[in-house]
Amino acid sequence: MANNKKKTTPTQANYQQLAKAKEPPRRIVRNCILAFLVGGLICTFGELLRKLFQEWGFTEKTAGDPTVAVLILLSCILTGLGVYDKFAQWAGAGTSVPVTGFANSMCSAAMEHRSEGLVYGVGGNMFKVAGAVIVFGTVAAFFIGILHGLFA
Amino acid sequence: MLQGKQSWRFDSPPVILGYASVVGPEEGKGPLKNEFDLIHEDMRLGQKSWELAEQQFLEQAITRAVEKSGIDQNAVNVYVGGDLMNQITSTSFVARTVGLPYLGVFGACSTSMESLAVAAQLISSGAAHYAIAGTCSHNCTAEKQFRYPTEYGSQKPPTAQFTVTGGGASVLGASGSGPRIKGATIGKIVDMGIKDPFNMGAAMAPAAVDTITRHLQDFQLEPSYYDLIITGDLAEIGHSLARDLFAENQVPIDQTVFSDCGLLIFDREKQQVQAGGSGCGCCATVTYGHLLNRMNRGELKRILVVATGALLSPLSYQQGESIPCIAHAVAIEAEGGGN
Amino acid sequence: MDYVWAFLVGGAICLIGQIMIDGFKLTPAHTMATLVVVGAIVDGLGWYDPLIRFAGAGATVPITSFGNSLVHGALVEFDQNGWIGILTGIFKVTSGGISAAIIFSFLVALVCKPKG
């Protein structure tokens, strides 16, 4: 069974097929329903916050910032209390797709690496999971900006 | 003594003079809760980091195993061990405390049997009068190093496994009272091209089957020779695949009880462990607790413990490499002959 | 009524994310990165602002809105300051979100230990 080449041998291919067949089916329907419900609820809560901030003097345009900030704060607190991950195992994308997931990824990484100190640990690892989101978002925005400049 | 192609036969079988297992809260709630020497309710054990806590589990297992063996720790000639951490720091730091000549080994989750085989060989060849073999793992250090921060909210797929928090160790001697190590089979790397680190069972099953098959060939045995052949942490998916592979290769594994430590240590219905347990500590705590206890109670006479390891790193996975795996087997028989 | 649309649109975006994770077997990082790029492209096409007017927080809370904000910032600066605006404007709108995430994560890490 020794194989130094990168190409898949027939034995390997057969086994991989067998292994794939053994994977228990993911509960896609249940997960999707929960993701929809929880994600929807978090966004509804966000809408409530937006309306509250508008009553407190923010305009429709500027109410978005404090709304997101409050959601991020709540997400960090729940992560700090150790309950966010338990909730997320159950709710899946319902908690990771809203901005709460982004905050959780940064907060959890910061907390985890506190034992390595503030500079290398917290500072150096905070963007471990969230970094990809920021990098890809920025690069995409750059190219879209250029395309817009050239064609719009 | 070389037996066959890649096995060792111990004509004067080393004796397991003492063994111990120290586990965390989740393991302490599982079906084997009465078989461990010590269960801790807190995974952090009051330490400043998960890594320091993992060291405590191992250190306590070694101390307890030495106590139970009745020999003086200073009489031990060598300590063989390893773990999952980068550069096996958990074991090295414990070796510093223990203060014995030390051989660090890395076999990922196969370390328990790799270290036991090496320690047994040192005893059998006369290179040591007494040896300690031990390993540990910790759910949080494994998650932190291999997957995501522990408080990160990601959903684990049903093929994922739950790393055991626990340390297991044994003290071996050339003679004395206790279960005997009759032989071992050193595995070779088997890589069937599985790339998914959340499905280790599937990656490791071929290695387990390869080593067990080789062991039976080297020693010219049928599976029925053993009361129990048990793998380290194939868990639900890997165990099922192993059975299929045995059937395909016409190895009559059903002649005996074929089980897996990762399936025994947790109650998959009640505990959120997806496919089952994994980690160096899985095979170690189940062997140095449940299995040897059963042997001492007379329930088992001859067992083959086959620890399985997935030899990937977070880097190799990110670079798109598949997962090379290995399995090491140790044959243990009850005192008074395996009859 | 605003609340209903926020719920439905927000839920739908999360549903898409779940399908990416369970159906396409993508990792969380891949899923989030893809959704951010999707949000950026949708704003580039000019369709994200109408979605926000329609669904409110249902469009601003999911991570896709982050992509939208990045592009928005770049385009507004481009209109005002030309090509250099694409670079200087990207983080203008999202600054609040990123700053909040960094600051609160740091503070929580000072006070709380992970529980495993």
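1. In this predicted model, the C-alpha centres of domain 1 and domain 2 of chain B lie 17 Å apart. Domain 1 of chain B covers residues 2-173 and domain 2 covers residues 180-333.

2. Between these domains, 59 residues of domain 1 of chain B are in contact with 61 residues of domain 2 of chain B. On the side of domain 1 that touches domain 2, the elements of chain B that each supply at least two residues include strand 3 (15-23), strand 7 (130-137) and helix 5 (139-146). The largest share, 7 residues, comes from helix 4 of chain B. By residue class, this side of domain 1 of chain B divides into 28 nonpolar, 21 polar and 10 charged residues.

3. Chain C meets chain A through 58 of its residues, which are in contact with 62 residues of chain A. Helix 1 of chain C provides the largest share of the side of chain C that touches chain A, with 15 residues. The residues of this side of chain C comprise 41 nonpolar, 13 polar and 4 charged.

4. Helix 3 (residues 48-55) of chain C has Y48(C), L51(C) and A55(C) as its buried residues. Seen down the axis of helix 3 of chain C, these fall within an arc of 55 degrees, so they line one face of the helix. Their cover includes helix 1, helix 2, helix 4 and helix 5 of chain C.

5. The face of helix 3 of chain C turned away from its buried side carries the exposed residues P50(C) and R53(C). Just after helix 3 of chain C, G56(C) adopts a positive phi of about 55 degrees.

How values were computed:
Residues are numbered from 1 along each chain as its sequence is written. Chains are lettered from A and ligands numbered from 1 in the order in which they are written. This is a predicted model: local features need pLDDT of at least 70, side-chain atom pairs count only at pLDDT 80 or more; totals for chains, interfaces and linings use all residues. Two residues are in contact if their C-beta atoms, placed from the backbone, lie within 7 Å. Helices (H or I, at least four residues) and strands (E, at least two) are DSSP runs, numbered from the N terminus. Ala, Val, Leu, Ile, Met, Phe, Trp, Tyr, Cys and Pro count as nonpolar, Asp, Glu, Lys and Arg as charged, and the others, Gly among them, as polar. A residue is buried if 20 or more other C-beta atoms lie within 10 Å of its own, exposed if 12 or fewer, and partly exposed in between; C-beta atoms are placed from the backbone. The arc is that of the directions from the helix axis to the C-beta atoms. Domain bounds come from an automatic or database domain assignment.
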